[in-house]
Amino acid sequence: MKLYGIKNCNSVKKAMDALNEKNLAFDFLDIKKIDKAILSAWLEKRSFQDLINTAGLTAKKLKLNKEKIQALSHDELEKLVLQNPSCIKRPIINHEGKIYIGKEYSMILQ
């Protein structure tokens, strides 16, 4: 299992604590270091609408709302996310071929 996030993010800390409590092993990876291959793999299973946290500070600075996400092309969004990985909802967990975003990690705990 791979958990992508930012160490000092409260949502990421909660997810890590919950996984540790259940003795589930995971590799922590800094979401700020993702590359095009990782993002593309996520996008094979999920959409930009799923990945981008429109309520977050980074998205607000970029004026990135649902309408703008729909208006931008795939390539424009890819470039934007890779240049501003803090706009991605956290954590992102890659587990058994599925991508869990944000609080969806609770599904792994069951």
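Which strands does α2 lie across, and at what angle does α2 run to β4? The legends below take up this question along with several other close-up views of the predicted model.

Residues are numbered from 1 along each chain as its sequence is written, and side-chain values use heavy atoms, with hydrogens and water left out. Because this is a predicted model, local features need pLDDT of at least 70 and side-chain atom pairs count only at pLDDT 80 or more, whereas totals for chains, interfaces and linings use all residues.

View 1. Helix α2 lies across β1, β3 and β4, and runs at about 95° to β4; contact here means heavy atoms within 4.5 Å, and axes are lines fitted to C-alpha atoms, for helices over the stretch in contact, with angles running from 0 to 180 degrees between N-to-C directions. Helices (H or I, at least four residues) and strands (E, at least two) are DSSP runs numbered from the N terminus.

**View 2. The open sheet and its strand order.** In the order β2-β1-β3-β4, 4 strands form an open sheet of mixed pairing, where two strands pair if DSSP finds at least two bridges between them. Because β2 (27–30) and β4 stand at the edges, each with a single partner strand, one side of each is left without a neighbour in the sheet. On average, neighbouring strands of this sheet are turned by 20° against each other, direction ignored. Helix α1 packs on the sheet, where α1 touches β1, β2 and β3, and its direction makes about 160° with that of β1.

View 3. Strands β1 and β2 run parallel and are joined by 4 bridges, with Leu 3 standing opposite Phe 28 in β2. Strands β1 and β3 run antiparallel and are joined by 3 bridges, and here Leu 3 stands opposite Ile 93 in β3. The antiparallel pairing of β3 and β4 extends over 4 bridges, and Ile 93 stands opposite Tyr 100 in β4. In the hairpin of these two strands, β3 and β4, which has 2 residues between them, Glu 96 takes a positive phi near 50°.

**View 4. The aromatic pair of Tyr 4 and Trp 42.** The structure holds 1 aromatic pair. The ring centres of Tyr 4 and Trp 42 are 5.0 Å apart and their planes stand at 80°, so the pair is edge-to-face; rings of Phe, Tyr and Trp (its six-membered ring) pair if their centres lie within 6.5 Å, with planes under 30 degrees apart counted as stacked, over 60 as edge-to-face and the rest as tilted. Tyr 4 in strand β1 (residues 2–5) and Trp 42 in helix α2 (residues 36–45) are 38 residues apart, and the pair thus links distant parts of the chain. Tyr 4 counts as buried at 6% relative accessibility, and Trp 42 counts as buried at 1%, where buried means under 20% relative accessible area, exposed over 50% and partly exposed in between (1.4 Å probe, protein chains only).

**View 5. The largest nonpolar core.** This core has 34 residues, and those with the most contacts inside it are Leu 3, Ile 31, Leu 39, Trp 42, Phe 48 and Ile 92; a nonpolar core is a set of buried Ala, Val, Leu, Ile, Met, Phe, Trp, Tyr and Cys residues joined through side-chain atoms within 4.5 Å. Helix α1 gives the most to this core, with 5 residues.
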